[in-house]
Amino acid sequence: MHTKTVIVGSAIGLHARPAAIISEAAVKAGVPVLLSVDGGEPVDAGSALMIMTLGAANGAQVTVASDDEAAMNEIAGLVQKDLDA
């Protein structure tokens with residue numbers, strides 16, 4: 001499994017809007033992608049609700065994992081962006 005740890009770029013963290021954008025991209029990727037914060041259980045990146053349960057604020061470290069490296073990189077790039085802009 002490929003993993004990458006990135007910093008949350010959205011100013012307010014992974015709340016509803018960024019979570020919806022990330023989950024939509026994960027579903028379109030068509031492969032399982034997991035997100036986790038340090039010490040937490042991984043959640044399905046295809047579910048906006050599950051992403052919001054991470055409680056990942058701006059500047060938090062989030063690990064993105066997937067068997068598909070391209071999907072992992074795409075989702076990691078979105079987590080790093082300020083999706084509130």
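A nonpolar core is a set of buried Ala, Val, Leu, Ile, Met, Phe, Trp, Tyr and Cys residues joined through side-chain atoms within 4.5 Å. In this predicted model, the largest such core has 23 residues. Over residues 1-85 the chain is 36% helix and 22% strand, with its end C-alpha atoms 31 Å apart. The UniProt record, an unreviewed entry, places the feature "domain: HPr" at residues 1-85.

- Four strands make up an open sheet, ordered S1-S4-S2-S3, with antiparallel pairing.
- S1 and strand S3 (43-44) are the edge strands; each has a single partner strand, so one side of each is left without a neighbour in the sheet.
- Strand S1 (residues 2-7) pairs with S4 in the antiparallel sense through six bridges, and here Thr 5 has Thr 63 of S4 as its bridge partner.
- On S4's pairing with S2, five bridges join the two antiparallel strands, and Val 37 is found opposite Val 62 in S4.
- S2 and S3 also run antiparallel, joined by two bridges, with Leu 34 opposite Asp 44 in S3.

**The nonpolar core**

- The core members that touch the most other members are Leu 14, Ile 22, Leu 35, Val 62, Val 64, Ile 75 and Val 79.
- At least two core residues come from each of helix H1 (16-29), strand S2 (33-37), strand S4 (61-66) and helix H3 (69-80).
- H3 lies across S1, S2 and S4, and runs at about 10 degrees to S1.
- Val 64 shows how these pieces meet: leaving aside neighbours within four places in sequence, its contacts include Val 6, Leu 35, Met 72, Ile 75, Ala 76 and Val 79.

- Ser 66 sits in strand S4.
- With a relative accessible area of 1%, Ser 66 counts as buried, because buried means under 20% relative accessible area.
- The Ser 66 side chain reaches the backbone nitrogen of Asp 68 at 3.1 Å.
- Beyond its neighbours within four places in sequence, Ser 66 is in contact with Met 1, His 2, Val 31, Pro 32, Val 33, Ala 71 and Met 72.

Note on methods
Residues are numbered from 1 along each chain as its sequence is written. This is a predicted model: local features need pLDDT of at least 70, side-chain atom pairs count only at pLDDT 80 or more; totals for chains, interfaces and linings use all residues. Side-chain values use heavy atoms; hydrogens and water are left out. Buried means under 20% relative accessible area, exposed over 50%, partly exposed in between (1.4 Å probe, protein chains only). Contact means heavy atoms within 4.5 Å. A polar contact is a pair of N or O atoms within 3.5 Å; within protein, one must be able to donate a hydrogen and the other to accept it, and residues adjacent in sequence count only if both atoms are side-chain atoms. Two strands pair if DSSP finds at least two bridges between them. UniProt positions are given in the numbering used here, feature names are shortened, and annotations may be inferred rather than shown by experiment. Axes are lines fitted to C-alpha atoms, for helices over the stretch in contact, and angles run from 0 to 180 degrees between N-to-C directions.
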